[in-house]
Amino acid sequence: MIRQEDMTIVSQKLIASNIYELTLKGDLVEEMEQPGQFVHIRVHQHVSPLLRRPISIAAIRKDLQTVTLIYRAEGDGTSLLAKSRSGDKVNVMGPLGNGFPIDDLGKGQVALLVGGGIGVPPLYELSLQLRNKGVEVIHVLGFESVEKSFYLDQFSELGKTFVATVDGSLGTKGFVTDVIEKEKIDFECLYSCGPLPMLRALEERFATKKGYISLEQRMGCGIGACLACVCHVANDPTMKKYQKLCSDGPVFRMGEVMI
Amino acid sequence: MIRQEDMTIVSQKLIASNIYELTLKGDLVEEMEQPGQFVHIRVHQHVSPLLRRPISIAAIRKDLQTVTLIYRAEGDGTSLLAKSRSGDKVNVMGPLGNGFPIDDLGKGQVALLVGGGIGVPPLYELSLQLRNKGVEVIHVLGFESVEKSFYLDQFSELGKTFVATVDGSLGTKGFVTDVIEKEKIDFECLYSCGPLPMLRALEERFATKKGYISLEQRMGCGIGACLACVCHVANDPTMKKYQKLCSDGPVFRMGEVMI
Amino acid sequence: MNPLQIELPGLSLKNPIMPASGCFGFGREYSQFYDLSMLGAIMIKATTYESRFGNATPRVAETPAGMLNAIGLQNPGLQGVLTNELPWLEQFDVPIIANVAGSQVEDYVEVAKEISKAPNVKALELNISCPNVKTGGIAFGTIPEVARDLTKKVKDVSEVPVYVKLSPNVTNIVEMAKAVEDAGADGLTMINTLLGMRIDIRTGRPILANRTGGLSGPAIKPVAIRMIYEVSQQVNIPIIGMGGIQHVDDIIEYFYAGASAVAIGTANFVDPLICPTLIKELPEKLAELKIDHISEIVGRSWKSEVI
Amino acid sequence: MNPLQIELPGLSLKNPIMPASGCFGFGREYSQFYDLSMLGAIMIKATTYESRFGNATPRVAETPAGMLNAIGLQNPGLQGVLTNELPWLEQFDVPIIANVAGSQVEDYVEVAKEISKAPNVKALELNISCPNVKTGGIAFGTIPEVARDLTKKVKDVSEVPVYVKLSPNVTNIVEMAKAVEDAGADGLTMINTLLGMRIDIRTGRPILANRTGGLSGPAIKPVAIRMIYEVSQQVNIPIIGMGGIQHVDDIIEYFYAGASAVAIGTANFVDPLICPTLIKELPEKLAELKIDHISEIVGRSWKSEVI
Ligand SMILES: Cc1cc2nc3c(=O)[nH]c(=O)nc-3n(C[C@H](O)[C@H](O)[C@H](O)COP(=O)(O)OP(=O)(O)OC[C@H]3O[C@@H](n4cnc5c(N)ncnc54)[C@H](O)[C@@H]3O)c2cc1C
Ligand SMILES: Cc1cc2nc3c(=O)[nH]c(=O)nc-3n(C[C@H](O)[C@H](O)[C@H](O)COP(=O)(O)OP(=O)(O)OC[C@H]3O[C@@H](n4cnc5c(N)ncnc54)[C@H](O)[C@@H]3O)c2cc1C
Ligand SMILES: Cc1cc2nc3c(=O)[nH]c(=O)nc-3n(C[C@H](O)[C@H](O)[C@H](O)COP(=O)(O)O)c2cc1C
Ligand SMILES: Cc1cc2nc3c(=O)[nH]c(=O)nc-3n(C[C@H](O)[C@H](O)[C@H](O)COP(=O)(O)O)c2cc1C
Ligand code: FES
Ligand code: FES
């Protein structure tokens, strides 16, 4: 069930250039199940910044009652969040949306997880859950540069992990698609989250494959009420059918919506 | 000289119901001289609350490079200020305005300091400075109730101190003027800060005496540029003469301006 | 006596607090958080004759103490609302105020006529901020004659009282208010959003796909209060006030200005429980201020002047 | 080449940043903090023919991300400004833009004629948001014909270029802008404050003695950006933009919208060093954005559309 709760900051660490790992503790963790779901965070109690910020769930630890988020401090809201310290409270609404389905794959099958930049975090909990089922996970992670890369060790522990950087400062110089090509990676199901051009390239290249992508959009309510975050359904000549990213997504089947 | 500086909070204490004593450290203390001057505080760096808050200087410790402010946490700005902790920075602009002149009195002469509620703080530094000159200080302090009273010990150390409370929970039940009457207090110079009705009563009663009052007004700039805080000059038939509370005041001679 | 109970044309409200149109969908999402029966009323999302997809995304942007939106009246259309939304809402003991929109007079009339027959629709809210195709896209709500005419035609067909939602993007709000009162409006709701815009520093392009959007949230509250203060002194119909309400003090401020009820928009996004919270806090606040009944203080800011 | 140097009618500016009228007095106070010669220009406090005391206090109130003011045009009058203020400002190497106000056309004309002769006054800024006694207090800036007429008469007597400061409290800002351009305005400044109000919860009375006041600060920035975006596409005279500027990004946003220079109002109260800070940060920001000269980006938000 969706709830809101003042969660307590257990830790907040700078793990790459402007990238923070935030661990929160609270009852709300009990509600969190699916990788790819997100939470909607109120960074503080003042009137500005006004809106909540959607951040993906990166790791759930039911035993510790904690959830880990990884985010880039960029604008007003995330910069403010980056200033909060252990012990502070953060108002969290969630878990929101529909995450990555993991039931399609079984033991021994291969999942390819492709993440770009700040789209990488939700893939970590996904990888954990797939691995727990015995699925073989291969990660291809793209970053701008080595300074902005993170969680490589954590992903490597779960499965083969390839990296691409735009500037070549780590792994293959270029894009994630270059790596997949180069490494001739084969898989049963693709899971991806990252910038639109990356998602489009993947959809095109793997049009015949099964796969899921997670999208981003500016949001108001985060629960489906305001219609800020809609996208068109693919192949709909009326152009009137839509999905709400926050409540129907953010994860969709490849080819399901227009991107 | 007026400057602005990020001062460091040395301590912040709740000293009465909703009343905080805040001690700040910084170079700016070097500029602070006159009792009755004030500082203009930016309670934080966000866009809301937008404006600075004027708060009187309650005590200056040049040796420690600290200044003490006493304020009531009421609206958005002061409530936020009340949440800041030792070690935090606060942006302070000051010292502002013209304070209480102390040169009129010499050793052995008697000064009556009359404060009401949150008008009491500036009288403390004033009393300290007068005492240092050998002036005899008598304090008459009015509060709503015992819960809202503060600094009685500190004032008592410097001179005779009478208290009035509206509800009679401490000292004389009633107003400061009742106390002055009852105690038949005589003095060479009156200094006062507090609510307008109190100041008006004092001006009326002691019209022939020398005295100074400190006024309050909603402010914009705090330095004389925006004309938010003007008051009419007394006995000006043109009604066009004015004083700026922030830069000409906040302290005026009794009878100088219309209150 | 319930200090919050109020009676307005067509509306018997257990409290004067309701979600504003477009900020609450048709209630389904917020029903996950609380029982909608506790609300004074619900102003549902604008309904147009045909279903609409609305604008391209991004549709929202943040601003200092506010937000911009350009949803573009996305809605399932009259039939969709009549078939799927209003019947679903019948499970709750709460009056519905149906927000009616269109791009020509005929659209409004058709929607008003049909939707006002739904059993739980107790009033209409005429959204006259929409661009009028017949006048080259100039909003109905910016020309007194156009607004008057529209109100009259809707009044003629509506089976329930009609509240007209004023646009703040006008030189003279009192003139607009009087024009629609004249045309038979039973009440006013104000304000709709202020026209605004933001540009993305990185791209140099407007953030909203629609370029401009409607500004809502605390930033606009002073404008709303001013307009309600002005209008409430000049009309004899009640006003439901809205714009930036977040705290119980804001509600008191709206009543003092001249509102007889209030609606909560953007704040629902910030805190999904805002309406129940305010409904709980309002009687406490009234007790603190020694006010026996909320209706006592309607317009106190200007009524106290005459005394 | 100095990436900030710009040329506008009458004004050769070393940078496009200047304090806005009414938020900087006549410069004396801020000269305690820095050398005024570093400013692009200074827009001095509104000058009326006679000296004025202005409104009763309180004159300011805070709002979410903004403030209200109702100073009431307090100023020393034409003679006072000519005798005491402008000569004092001559010590600085900075062009003065004289803000001219009045309650009837004749006042404006008289002030414009005389003040435009002062050696350091390089342009006038016609404050048309003032109530016009001849039309029962309706602001000059809300009726196109009235604004056009006023602009023409001032243009006739002014010895320096005339910028007209538009009021945002109108239905159609483009129509107003075109009217004054038509009448010969050399430039526009926009926006003046939005009309707003706050009520004190404790007293039930408006906080401002004048009841309503002008809303300024970050809260109004989206409205200003929208209006500049609309107007700059429709006129051929430059715009000095203002409203809520606090950060260097805001300046870029104003230029993208269509401004050719900017003014800083309320932010001076928050940070007395805001103008020098922005003047320092702007070239750094331009470098970061790979912009060679600030004038390149005027109107980029809409110019990029046509491409
Ligand atoms: C479902 C979902 C999951 C996300 N997960 C993560 C994550 O795990 N880690 C992470 O770093 N980022 C994530 N993002 C992006 C993140 O929400 C934005 O980076 C963040 O909201 C920007 O806020 P700001 O205060 O930095 O920027 P500002 O520029 O101050 O934001 C202004 C407004 O725009 C919105 N906004 C700006 N950029 C984006 C964006 N890219 N997507 C959506 N809204 C935006 C903000 O939410 C806010 O409403 C996710 C977005 C979505 C929709
Ligand atoms: C020269 C001077 C010295 C002062 N010294 C002290 C002091 O030592 N201790 C103390 O507790 N208070 C003092 N005050 C009053 C103090 O400034 C206000 O209580 C405070 O600004 C209120 O801020 P807020 O955030 O609580 O209220 P809010 O209601 O959030 O304030 C909103 C706006 O109104 C202004 N405002 C509200 N009340 C007042 C007021 N009474 N006077 C001036 N501005 C007001 C605020 O500054 C702000 O701009 C002084 C005021 C002045 C003018
Ligand atoms: C996302 C969003 C959608 C809105 N949709 C509508 C609408 O469909 N019809 C309408 O009359 N007003 C609509 N509004 C305006 C609100 O009902 C309300 O008048 C305005 O937002 C001011 O209130 P607030 O500041 O509390 O949000 C919408 C506002 C927002 C933020
Ligand atoms: C206290 C105050 C006084 C003002 N006085 C004037 C004035 O005399 N003439 C004028 O044209 N504008 C005046 N303005 C409007 C500003 O010049 C400016 O247009 C407006 O405040 C928006 O900018 P800002 O948000 O940066 O303050 C005043 C604004 C404030 C806050
Ligand atoms: S964010 Fe409101 S519908 Fe998705
Ligand atoms: S506060 Fe600006 S002149 Fe006094």
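Cys246(A) is buried, with a relative accessible area of 2%, where buried means under 20% relative accessible area, exposed over 50% and partly exposed in between, with a 1.4 Å probe and protein chains only. This is a predicted model, in which local features need pLDDT of at least 70, side-chain atom pairs count only at pLDDT 80 or more, and totals for chains, interfaces and linings use all residues. Residues are numbered from 1 along each chain as its sequence is written, chains are lettered from A and ligands numbered from 1 in the order in which they are written, and side-chain values use heavy atoms, with hydrogens and water left out.

The UniProt record, an unreviewed entry, places the feature "binding site" at Cys221(A), Cys226(A), Cys229(A) and Cys246(A); such annotations may be inferred rather than shown by experiment, and the positions are given in the numbering used here, with feature names shortened. These positions spread over 26 residues of sequence but cluster in space, with a largest C-alpha distance of 10.2 Å.

| Residue | Location in chain A | Relative accessible area |
|---|---|---|
| Cys221(A) | loop between strand 13 (210–214) and strand 14 (230–232) | 1% |
| Cys246(A) | loop between strand 15 (242–244) and strand 16 (251–253) | 2% |
| Gln129(A) | helix 2 (residues 121–132) | 17% |

Contacts, meaning heavy atoms within 4.5 Å, are given here without residues up to four places away in sequence. Cys221(A) touches His40(A), Met93(A) and Cys226(A), and also Tyr30(C) and Phe269(C). Among the residues that Cys246(A) touches are Phe38(A), Leu96(A), Met219(A) and Cys229(A), while Gln129(A) touches Glu33(A), Pro35(A), Ile60(A) and Ile102(A).

Turning to chain C, this chain has nine helices and 16 strands, and its C-alpha atoms fill a box of roughly 50 × 45 × 45 Å along the principal axes. Buried residues make up 67% of the 307 residues in chain C, and residues 24 or more positions apart account for 72% of its contacts with a separation of 6 or more.

Conventions. Helices (H or I, at least four residues) and strands (E, at least two) are DSSP runs, numbered from the N terminus.
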